[in-house]
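Visitor: Please show me the model, and let us then examine how its features are classified.

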Amino acid sequence: MKQVVQNYKSGELSVLEVPVPGCKPGGVLVRSAFSLISTGTELMKVSEAGMSMVGKARSRPDQVAKVMQSVAVNGLPATYRKVMGKLDSYTPLGYSLCGVVEQVGAGIDDVKVGDLVACAGNEHALHAELNWVPKNLYTPMPDGLAPRHAAFGTVGSIALQGVRQGEPQLGEVSLVIGLGLIGQLVVQLLVAAGVRVVGADPDPARCELAERLGAAACGDPGSAAVESAVAELTAGHGVDHVFLAAGGGSNQPVELAARLCRDRGRVVDIGKCRLDLPWNAYYEKELDVRFSRSYGPGRYDPEYELEGRDYPIGYVRWTERRNLACFLDLMARGRVDVEPLISHVADFDDAVETYRRLKDGELKAVAVLFRYPGSPEGTTPEPPSVAVPAVPAARRAPGGSAPARPAGAPVRLAFVGAGNYATSMLLPHLAQRDGVALSTVVTTTALSAANAQRKFGFAQATTDLDAVLGDPAVDAVFVVTRHSSHADLTRRALLAGKTVFVEKPLALTEDELAGVLAAVEESGNDRLQVGFNRRFAPLLREARSRFGTRSGPANLRYLVNAGRLQHGSWYLQQGSEGSRFAGEGGHFIDTASWLLEADPVSVYAVAPAGNEDLQVVLRYPDGSTATLSYVTTGAPGFPKETLDLVADGKVLRLDDFVRASVYGRKRWVSSRLPKARDKGQEAELAAFVKAVRTGGPMPVPLESLVATTAATLAVQAGLAAGAPVSLVGAR
């Protein structure tokens, strides 16, 4: 299928051939009929991409702050690779469309194949021939509404949420500053609510359009016409509310709002304009300044948008999805008319030229639509049938080894998932390794697969996992997806006879872990590696060698200054992705067990109320203990990981994989690493590839991987029980 993408580093726009997205449970696969270009938001993004690096930084100071924090925690080289990797990637455009349901995922019962739906979301309603859309980001179209008009659903919801924030009442007067696409919709919604409207925009054509759509008067914000209209309509008191639907760097809109708003009026920011509020003016009138966040309640909440958890209507009357349905209903009943806003309808194949004309000012438009092939107005495309091939059975002889590959034959690798960790920490090492062939990348979203294929040289990109598992040419499968899918994907790959590298965690529950082990037993295939990379870190390995053997029990202290996650991070979706510690705690338990050369026999965990901080005590067969402090409330500038190992009159100290030291009869201190922190990913991958190529034992015994996973899972059980948890069968 085709999709409009942009390289944020170079600014290049293109219509790219990408794999068809998979239809996941909880959503529908939609074939686009019309999608809407947001002439405000999207053109701003397109313009930013064409800036120099300095210009990009100036336009996004919030992102610069995040980069500086990453430098402090991860070092400059690692941060540079991460940032440049993100910049030099295809990013999607679009967030408002209408299309036809082509496939229905599990758990969906409100639409069927062939239904017309309006879709929202800057990750799900893209300028692409096909999109997977979760339940709360689509709504069925009402009868009688034209598909090209339904494509306005998202921007209409943005305007509707802004109007709701103003709480207009019958007979009131509003001022709308900025009469672009959102401003024109706000005008119509206010008129439909019985409010008299004055509009302000420097473009006479937009002022004329707003008056035709119901505004009482419109004019240039710098002229006397707007003030005169406000004075006449309000008897000199000022408007009840001002809606800021303008963009740009001028502070004129907020100054005009203060001047023309009545005492204790409301100012609602919908657009993205400068907000240097003149203190005296806003204080003296005690103006109520409000922000309108996108489409409405539910926006940016992953449990609502991705997991389909609706808010009860008795508590949240107008959610994101209900706003979308309401706006479609207003259009269907003729209360809002978007046809006069459509300046141009372009064929989807002409997308790049259309953006160029908009950016250069050659095409002056309020709203522009893309019309997709096979989807003329009023017709419904026939959904194609897709044959899903069966996965052939494959078995290996049990044991830690497998037949060696023919001399000179490359190791062919497939990746399931191509997110930030895969593309920044794994694929750069594999792409440049001799004897490795990147065969296929599999993702559920088409664009991420296309990005990985372009950047790292995969031979194929697809959304069809079964085809990869059934491909006898693929030697090993990397599972680098969200945590909740790790166990199932690992199980399927093992049953298909593949060697598997799965990023941590291996499993989130005891049942998932049991399922993986059942697959090993059923298939006889135990060729499995979990991405516990720290035991492969060169600095830590040298420090352990310098420490030498020990004769008595050891005490190990491991402080992990994990820090707080950003709001909206999928790591916070504990209902589906498990706790944060369940996701990454295995890293630290594995490191401790490797240093102590044993697997833990018991786990005791305690946590203070109100945060995610944990204290975990691991006990080992020889009496050694490891105390793991996993904290999120520490100072962000403090190193992430510090470790001390004490035994036999010796101390090993590791400082965030930058410096290590050993104190004993002789003192050894490493030189400070001149480059990025090496946490072992490259050496780990080298060991894995060697095992696949030679058929030798896997880098970490399966028993150790299982013991670490079981200990990680026991932390939650220990917290619930308030007592130590014995790991039955541990040695």
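Guide: Phe291 lies in strand 16 (residues 288-291), where strands (E, at least two residues) and helices (H or I, at least four) are DSSP runs numbered from the N terminus. This is a predicted model, in which local features need pLDDT of at least 70, side-chain atom pairs count only at pLDDT 80 or more, and totals for chains, interfaces and linings use all residues. Residues are numbered from 1 along each chain as its sequence is written, and side-chain values use heavy atoms, with hydrogens and water left out.

Visitor: Why is helix 6 called roughly perpendicular to helix 13?

Guide: The axes of helix 6 (residues 153-166) and helix 13 (residues 320-332) cross at roughly 105 degrees and come within 8 Å. Axes are lines fitted to C-alpha atoms over the stretch in contact, with angles from 0 to 180 degrees between N-to-C directions. Angles of 65 to 115 degrees count as roughly perpendicular, under 35 as roughly parallel, over 145 as roughly antiparallel and the rest as oblique. Helix 6 is therefore roughly perpendicular to helix 13.

Visitor: What makes the pair Glu227 and Arg259 a salt bridge?

Guide: A salt bridge requires a side-chain nitrogen of Lys or Arg within 4 Å of a carboxyl oxygen of Asp or Glu. The side chains of Glu227 and Arg259 meet at 3.1 Å, N to O. Glu227 lies in helix 9 (residues 224-234) and Arg259 in helix 10 (residues 252-260), so the pair ties together parts that are 32 residues apart in sequence. The structure holds 35 salt bridges.
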